[in-house]
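This report is meant for someone meeting the structure for the first time. Please look over the sequence and the model before reading on.

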Amino acid sequence: MSDSSAADARAVVGAVGEFTLAGLEDGALADERFRGAIFDFDGTLATSMWVWLDIDRQFCREHGIELPEGYADDLVGLGFEGAAQYFIDELGCTLTLEECCDEFNRLAFDRYAHEVELKPGAVEFLRGLRERGVRCAIASSLNRKLLTAALHNNGVEDVFDAICLCDEHRTHKSEPLIYQIAARELGVVPGECVVFEDIVPGVRSAQAAGMRAVAAIDEGNEAQDTAAVRELADGCLRDFRGLLG
C-alpha cells in the first residue's frame, strides 16, 4: 500500500472508531448500542467480487451471450437467483432458472472453496467481537453452498451465530427484511446492531431497519458507487485492520 493509500485507509477507519475492539473494551457495550454485528460477505468481509466478473465473462462466452456495458449495476442487490433471472430475461440466456443457477455454482465453487480470502484483519476482528460478547451474523445474497465453502476455507465457520441468505428468505438487499431477520436470530434489537455492507441498497435498507451501517469500500467492485455509499453510511472502511486497536 502506498503512503497516500495508507493515510486514506486510516482516515476512513477513523469514522468508525467506536466499533474498534479497544472501544468495546473501554465500555462501548455498556450503552447497549453494539451487541450485534451483521456482515455482508462479497465485497465486505471478503475480496470476492473478481470471482463474479470472471464467471460472468466465462458464462457468456460459453453461451454466446454479449455482456452489455454497465450490466453489473443492474445486478446490485438482486441476489443469486435474481442475477440468474436477469441473464435469462435481459440477456437472452436459454437455460432454465435452475440450470442457470447450477452453472453459476459450478463455475464459482472452486474459487470460493480455495481462492476467496477474507479482507485483512477480518478474522481477527470477528474473533475479537466474539470474545467481547458481540453476536455475529452474515446477511448475504450468496447461496449457502458457496458461502459455507468460503467460510470453511478461511477457518471462520464457527464465528457466526446466524447465517441469513436472501434467496432462502425470498428477499433482496433493497429491502430491510434480511437485516431484520438477522437481528431476530441474534436475539438483539435493531438499534443494537451494526451492519457492515458494501452497496448503497444494503446500507440504505440496514438504516431503514433501524441499524447503523458501516460501508466497506471495495476497490475490486466495479459496480460500487463509492461516493454514494460513503455519503450514506454512518462510517466507512477499506479493511478491518484499523478496527483491531
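Phe39 touches a set of residues that includes Leu45, Phe125, Leu126, Leu129, Cys136, Ala137, Ile138, Ala139, Phe160, Phe196 and Phe240, leaving aside residues up to four places away in sequence, where contact means heavy atoms within 4.5 Å. This is a predicted model, in which local features need pLDDT of at least 70 and side-chain atom pairs count only at pLDDT 80 or more, while totals for chains, interfaces and linings use all residues. Residues are numbered from 1 along each chain as its sequence is written, and side-chain values use heavy atoms, with hydrogens and water left out.

Phe39 and Phe41 touch the most other members of the largest nonpolar core, which has 55 residues. Such a core is a set of buried Ala, Val, Leu, Ile, Met, Phe, Trp, Tyr and Cys residues joined through side-chain atoms within 4.5 Å, and buried means under 20% relative accessible area, exposed over 50% and partly exposed in between, with a 1.4 Å probe and protein chains only.

Two of the residues that Phe39 touches, Phe125 and Phe240, are both buried. They form a stacked aromatic pair, with 5.7 Å from centre to centre and 25° between the planes; rings of Phe, Tyr and Trp (its six-membered ring) pair if their centres lie within 6.5 Å, and planes under 30 degrees apart count as stacked, over 60 as edge-to-face and the rest as tilted. The pair links distant parts of the chain, since Phe125 belongs to helix α7 (residues 122-131) and Phe240 to the segment after β8, 115 residues apart. Helices (H or I, at least four residues) and strands (E, at least two) are DSSP runs, numbered from the N terminus.

The strands build an open sheet of six, in the order β5-β4-β1-β6-β7-β8 and with parallel pairing, where two strands pair if DSSP finds at least two bridges between them. Because β5 (162-165) and β8 (235-237) stand at the edges with a single partner strand each, one side of each is left without a neighbour in the sheet. Within the sheet, β1 (residues 36-39) and β6 (residues 193-197) pair in the parallel sense over four bridges, and Ala37 has Val194 in β6 as its bridge partner.

| Residues | Distance | Reference points |
|---|---|---|
| Phe125 and Phe240 | 5.7 Å | centre to centre |
| Asp73 and Asp225 | 9.2 Å | C-alpha to C-alpha |

Asp73 lies in helix α4 (residues 71-75) and counts as partly exposed because its relative accessibility is 48%.
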